[in-house]
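Here are some brief notes for your review. Please read them with the model open.

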Number of protein chains: 2
Amino acid sequence: MASRDTQHEKLTEAQDRFVASWGQMAGAWGISRTMAEAHALLYITGKPMNTDEIMDRLQISRGNASMSIRALLDWGIISRTHKRGDRKEYFEADQDIWSMFRSIVRERMKREVEPLLATLFEIRDSSPAPDEASGDQQKELLAHQKRLEEMLSFLQTMEKLSHRFVSPSGSGLELAAKLLTKFDK
Amino acid sequence: MASRDTQHEKLTEAQDRFVASWGQMAGAWGISRTMAEAHALLYITGKPMNTDEIMDRLQISRGNASMSIRALLDWGIISRTHKRGDRKEYFEADQDIWSMFRSIVRERMKREVEPLLATLFEIRDSSPAPDEASGDQQKELLAHQKRLEEMLSFLQTMEKLSHRFVSPSGSGLELAAKLLTKFDK
DNA sequence: TGGTTCTTTCAGAATAAATTGAAACAAGAC
DNA sequence: GTCTTGTTTCAATTTATTCTGAAAGAACCA
């Protein structure tokens, strides 16, 4: 039987590997590696940690740790805690992956899709009107309008979908997802 | 009534704005701005364009254009065409947004989620076994396993979902999405 | 109040990613 | 074969992003 220490080493190693692979994926999604690693660390250890512990474990500077933690708080996927008799702030990750996922989707819609939608509406409204043209040009303008409309309609559907399932209150998504995969093939 | 030239200027301006806002969003999703802009340009103009036209319109180098186009082809959201009597290659964007969306999701799952899943399985299998420990340590190892399992189960559900709806053949997603937003609240 | 502990900020440094441009490569045409 | 036209590659450069560390800012205590 493995010793307590060996077990603990292996656990730490597994955690580190989890953190690293999580961080690796982050880049592909426009999230900074450190931010993702901090989140992964809090998630996989399950323990509240303070800034110094996170700094030490991830080998990052105090400034970086502070900013990454702040960003995770803004995303709503970690929260502050306190330890009796300790003035330091502790942070812990939301342990419910689906709720975490909802937070991320909600934020990304708000930050990226909503502004894009607003811009596209503007563009549509300032595009030349087809009815003032004729012949080939009219055709071209109509096609332009159609493409804009289709993009708008797609994004609006996505928006509604996300509100429907990802709203602060309603869960449902998890159930729906699992049900949908039931009817496989 | 506006002159043909004014109309055309306005159309070009609207296209440029579309291209710019599309490119802007790309960064947030881990896609290079230029690649997104090239795609937006092909989508919004609806016309097949060759490398030189894309270079000129986006003000980028030949090398950059070539690499961005290649990447879009790899993603399967643009395709090659040819013009009679012209040796240049032309490129055109898939005009169906939902099919485009399916291609993107399919590729991202393949490139990012699948490898992550593989790594997580490995990590799970090399994590220390709880049954060789006792007391608090056993509890800790069990909790670690549980967190890994939940993450794996989440990602697997996502994988299945994406295969279900995003598969090369089946569409369905569009209909499902629209239906789901029908029962709005 | 001054002292202590912890947190945030931000200019500059380090690092990573995108872009260029020229050379190498391909595919006809003749 | 050579010449022409079009495409790809990649080392060097430019640009953008992330990270650091020290200083400033809070919050609490006695």
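Predicted model: local features only at pLDDT ≥ 70, side-chain atom pairs only at ≥ 80, totals over all residues.

1. Please read every distance below as a computed value.

2. Symmetry. Chain B superposes on chain A by a rotation of 180° with 0.0 Å of shift along the axis. The RMSD is 0.1 Å. The two copies are therefore related as by a two-fold rotation axis.

3. Interface. Of the interface residues of chain B, 100% are also interface residues in chain A, so the copies meet through the same surface.

4. Who surrounds the DNA? DNA strand C has 19 residues around it. The closest come from both chains: A:Arg87 and A:Glu89, plus B:Thr34, B:Ser61 and B:Asn64.

5. Elements. Three helices each supply at least two residues of the surface near DNA strand C: α4 (62-75) of chain A, α2 (33-45) of chain B and α4 (62-75) of chain B. α4(A) gives the most, with 5 residues.

6. Composition. The surface near DNA strand C holds 9 polar, 7 charged and 3 nonpolar residues.

7. Phosphate contacts. B:Thr34 places a polar side-chain atom 2.9 Å from a phosphate oxygen of DNA strand C. For B:Asn64 the corresponding distance is 3.2 Å.

Technical notes. Residues numbered from 1 in each chain as written. Chains lettered and ligands numbered in written order. Heavy atoms only, no water. Near = heavy atom within 4 Å. Polar contact = N/O pair within 3.5 Å; in protein donor to acceptor, adjacent residues only side chain to side chain. Helix = DSSP H or I, 4+ residues; strand = E, 2+ residues; numbered from the N terminus. Nonpolar A, V, L, I, M, F, W, Y, C, P; charged D, E, K, R; others polar. Least-squares fit on C-alpha atoms with pLDDT ≥ 70 in both. Contact = heavy atoms within 4.5 Å.
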